[in-house]
Amino acid sequence: MTLTNQIVLITGASSGIGAACARVFAAAGARLILAARRLDKLQQLGEGLNLAPERVHFLQLDVRDRLAVESAISTLPPAWSDIDILVNNAGLSRGLDKLYEGDFQDWEEMIDTNIKGLLYLTRYVVPGMVTRDRGHVINIGSIAGHQTYPGGNVYCSTKAAVKAISEGLKQDLLGTRIRVTSVDPGMVETDFSNVRFHGDEERAKKVYQGVTPLTADDVADVVFFCATRSPHVNINEVIMMPVDQASATLVHRRT
Ligand code: NDP
Ligand code: 8X3
């Protein structure tokens with residue numbers, strides 16, 4: 001399936017997996033709507049991609065803000081409004097505390113971003129897809145949605161919710177030509193751990209010590225694979241992890 005001139009909306013495009021998805025879809029000739037809170041990072045990415053203005057549209061957006069999401073989607077210029085592919089990637093973990101010691105603000109941030117933000121984007125973008133009877137929603141879940149690990153409690157529950165939402169959306173879209181996919185990675189080296197540990201870079205680095213983790217590009221490759229199957233093929237779920245990882249808690253460190 002060709003992606004030339006297809007409109008791809010990627011949330012969390014300012015970093016990591018979202019930025020890598022932007023690069024891979026841009027290279028395939030897609031037109032990109034890049035969304036995140038850090039507009040400067042989106043613009044830097046756009047400059048690096050060297051795309052003509054009609055090929056990229058920036059949305060400074062906090063996905064936790066429902067009214068902002070509604071307004072961003074409903075006021076897209078007509079040339080950008082018929083979104084073909086929605087990559088629900090924006091997300092984060094905060095903390096690795098025991099549940100009974102957890103930080104309420106960390107909880108709110110994860111639930112509001114990973115679950116509610118993803119729902120808002122889906123709710124405002126998918127009706128247009130249904131009207132056009134075409135489209136693809138690709139959610140970035142996690143192995144954390146399949147296996148709960150110590151201290152992962154709330155983050156894991158948000159990704160379990162993403163798994164359920166992907167399954168539910170697929171069921172609710174039965175009878176349409178719209179596809180739904182969940183790409184669920186294990187350890188990917190991005191800003192993820194730095195964000196999880198509130199900027200403690202030393203602690204973040206230790207997560208990947210002695211391991212060859214997945215890269216954001218590895219995940220983007222898989223997202224792209226799912227998006228480019230024949231139109232009658234739906235890849236429901238992909239679980240991927242580094243060779244040195246066997247589960248959320250089983251990691252082989254070589255040094
Ligand atoms: P990064 O921290 O590198 O990127 C996270 C992205 O999400 C940023 O672009 C950030 O943009 C965006 N984001 C966060 N909060 C919001 C918000 N409220 N509104 C809009 N955008 C937001 O991490 P990753 O690339 O690793 O994470 C991307 C996704 O992949 C997440 O859903 C994560 O849970 C998932 N994942 C990551 C794994 C990993 O090991 N790295 C493994 C499995 C899944 P900005 O701050 O500019 O708003
Ligand atoms: C990110 C992967 O295992 O750190 O979702 O939760 S993990």
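A: Angles between axes count as roughly parallel under 35 degrees, as roughly antiparallel over 145, as roughly perpendicular from 65 to 115, and as oblique for the rest. Helices (H or I, at least four residues) and strands (E, at least two) are DSSP runs, numbered from the N terminus. This is a predicted model, in which local features need pLDDT of at least 70, side-chain atom pairs count only at pLDDT 80 or more, and totals for chains, interfaces and linings use all residues. Residues are numbered from 1 along each chain as its sequence is written, and side-chain values use heavy atoms, with hydrogens and water left out.

The axes of helix 4 (residues 104-132) and helix 5 (residues 153-172), which are lines fitted to C-alpha atoms over the stretch in contact, with angles from 0 to 180 degrees between N-to-C directions, come within 9 Å and cross at roughly 15 degrees. The two helices are therefore roughly parallel to each other. Where they meet (contact means heavy atoms within 4.5 Å), helix 4 contributes Trp107, Met110, Ile111, Asn114, Ile115, Leu118, Leu119 and Thr122, while helix 5 brings Val154, Tyr155, Thr158, Lys159, Ala161, Val162, Ile165 and Leu169.

Leucine 119, placed in helix 4, is partly exposed, at a relative accessible area of 36%, where buried means under 20%, exposed over 50% and partly exposed in between (1.4 Å probe, protein chains only). Aspartate 133, in the loop between helix 4 and strand 5 (136-140), is also partly exposed, at 25%, and has a positive phi of about 55 degrees although it is not a glycine.

Technical notes. Chains lettered and ligands numbered in written order.
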